[in-house]
Amino acid sequence: MSLESKKVVLREKRIEDALDDYTWRVDDELAKLDATRPLNMAYNDFLRYSQEEIDFPSSRSKRFGIDDLTGKHIGNCMYYDIDTRRHETELGIMIGDRAYWSKGYGTDAVDTLLKYIFTQTNMKRVYLHTLDWNQRAQKSFGKSGFRQIKQVRKRGLDFIQMEILRPEWEEIYGSNGN
């Protein structure tokens, strides 16, 4: 499966992403932005772990690689903690390639993922958590229609929870996302 938009293509994860993913996951600055610690695992172990995730995907999450329109892998996004009873899911994104920061690629990827979620699944609410000091991310999510809901403290860190509901998304983009 592949979803093309103005700037990016969202596609199934593949093992060829592992080197980029590993490089991004051991990066101190990216780990800080992702509210985690840099990965402390040998590449070969990470490669095996990545292959297992591809071979045995979870029913509670859907992961995508983000490519630019030339096919260059620039990041990843996903929706996870899928709650089929409440019809809601959490969204996550990382543009790992710094050359693509602050140029609209993240916003385009989020727009594309939201279109997929709201037109191809029965989800009614998509939410996310972003660090309270990460104004750039909050601004980007706001461009996609997310609104701030509340402050949340998790793992000793302060986050802003943001959400978009299906009717809000449909009001912005129409029921088919165009």
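Quick housekeeping: residues are numbered from 1 along each chain as its sequence is written. Because the model is predicted, local features need pLDDT of at least 70 and side-chain atom pairs count only at pLDDT 80 or more, while totals for chains, interfaces and linings use all residues, and side-chain values use heavy atoms, with hydrogens and water left out.

Okay, the strands. They're DSSP runs (E, at least two residues; helices are H or I, at least four), numbered from the N terminus. E3, residues 61-68, pairs antiparallel with E4, residues 73-83, over seven bridges; pairing takes at least two DSSP bridges. Four residues sit between E3 and E4 in that hairpin, and Gly71 in the turn has a positive phi of about 95 degrees. E4 also pairs antiparallel with E5, residues 88-95, over seven bridges, with Gly75 opposite Ile95. In that hairpin, His87 has a positive phi near 60 degrees.

Now, Asp67. This one is in E3, and its bridge partner in E4 is His73. Is Asp67 buried or exposed? Buried, because its relative accessibility is 5%; the cut-offs are under 20% for buried, over 50% for exposed, partly exposed in between, with a 1.4 Å probe and protein chains only. Its side chain makes a 2.8 Å polar contact with the side chain of Arg11 (N or O atoms within 3.5 Å, one able to donate a hydrogen and the other to accept it; sequence neighbours count only if both are side-chain atoms).

Last, helix H4, residues 105-120: 13 of its 16 residues are buried, so it's largely enclosed by the rest of the structure.
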